[in-house]
Every structure is written in C-alpha cells, then in structure tokens.
Amino acid sequence: MPSDSVSIINIFLEIKDKARISCQLKRHLAPRTIGLITRSMPIRDNVHRMSKSVVYIKTNIDSGMERKKTDFKKGDIAYFPTGASICFFLNDVLDAQPMTPIGKLLSSIENLKDAKTGDVLSLYSETVW
C-alpha cells in the first residue's frame, strides 16, 4: 500500500480470525485527531453498530470536532467525538450525526459488512505488526 503523500497514513483494520482491510488515514482532513489516533494504535474493541450502514469501535481518544461533516460515502472513516468512536461507513449515509472525516477503507468492505457484534476489530499501522 504505497502512499504518494506525507498526508496519507496507511493502516489496517483487522477482524480477528476473519479478514484484514487496507485503510488510509488522511492527515490533512483532521491533523489533531489523526495524530491522536496514530499515537493510540493499536486500537482494539468489539464491533458495534449504529445502523446497517455504520460499524464502529470505541476508543479512549478525546479530540473534539474538526471539519465536521454529516454526509458520508461508502468506505469513509470518521471520528465521532460524542462517543469517542471511529466509524466505518458500509453504505452512503446522508444527514448523519456530525463527525470528523479521517480517511477511507480501501479493500474488503464486504468483509466488514459481515462482522458481527462481539467480533474484535484491531486498527493498527503497517509498522506495528
């Protein structure tokens, strides 16, 4: 997963014993939040769902809102400050709760759709493992 920019951070989202999904965090979207997330990796939590369109993991990150958005596309990754959660969008969502966009899922989004509540998700950088 080569990156052509210092703004791009390549990471992985792993569904324990099931799948590994390539992702990118985009520092220019939310520099403070991305910094906190990368320094907190690896991040592990059980799968949670907001709806059929959003899977998320809870974190201990306290970042607040940066460049909030309410419309997200399939494959987007966002930070939800109210719940200190990182959200992964499985479908397009219009008029969601305000969140900070932070990146994109690059592969295997279908595997994330099959994740069950209670499955363990790990978010980590290429250099951690």
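Which residue in S7 is the bridge partner of Ala 78? I looked this up and found Cys 87.

I note that the model is predicted: local features need pLDDT of at least 70, side-chain atom pairs count only at pLDDT 80 or more, and totals for chains, interfaces and linings use all residues. Residues are numbered from 1 along each chain as its sequence is written, and side-chain values use heavy atoms, with hydrogens and water left out.

I took two strands as paired if DSSP finds at least two bridges between them.

I then traced the sheet. It is open, has 9 strands in the order S3-S9-S1-S2-S8-S6-S7-S5-S4, and its pairing is antiparallel. The edge strands, S3 (43–46) and S4 (48–51), each pair on one side only.

Next I checked strand S6 (residues 76–80).

I looked at the neighbours of S6. Strand S8 (residues 100–105) is joined to S6 by 4 antiparallel bridges, and Asp 76 has Lys 104 as its partner there. Strand S7 (residues 85–89) is also joined to S6 by 4 bridges, running antiparallel. S6 and S7 make a hairpin with 4 residues between them, and Ala 84 in the turn has a positive phi of about 50 degrees.

Note on methods:
Helices (H or I, at least four residues) and strands (E, at least two) are DSSP runs, numbered from the N terminus.
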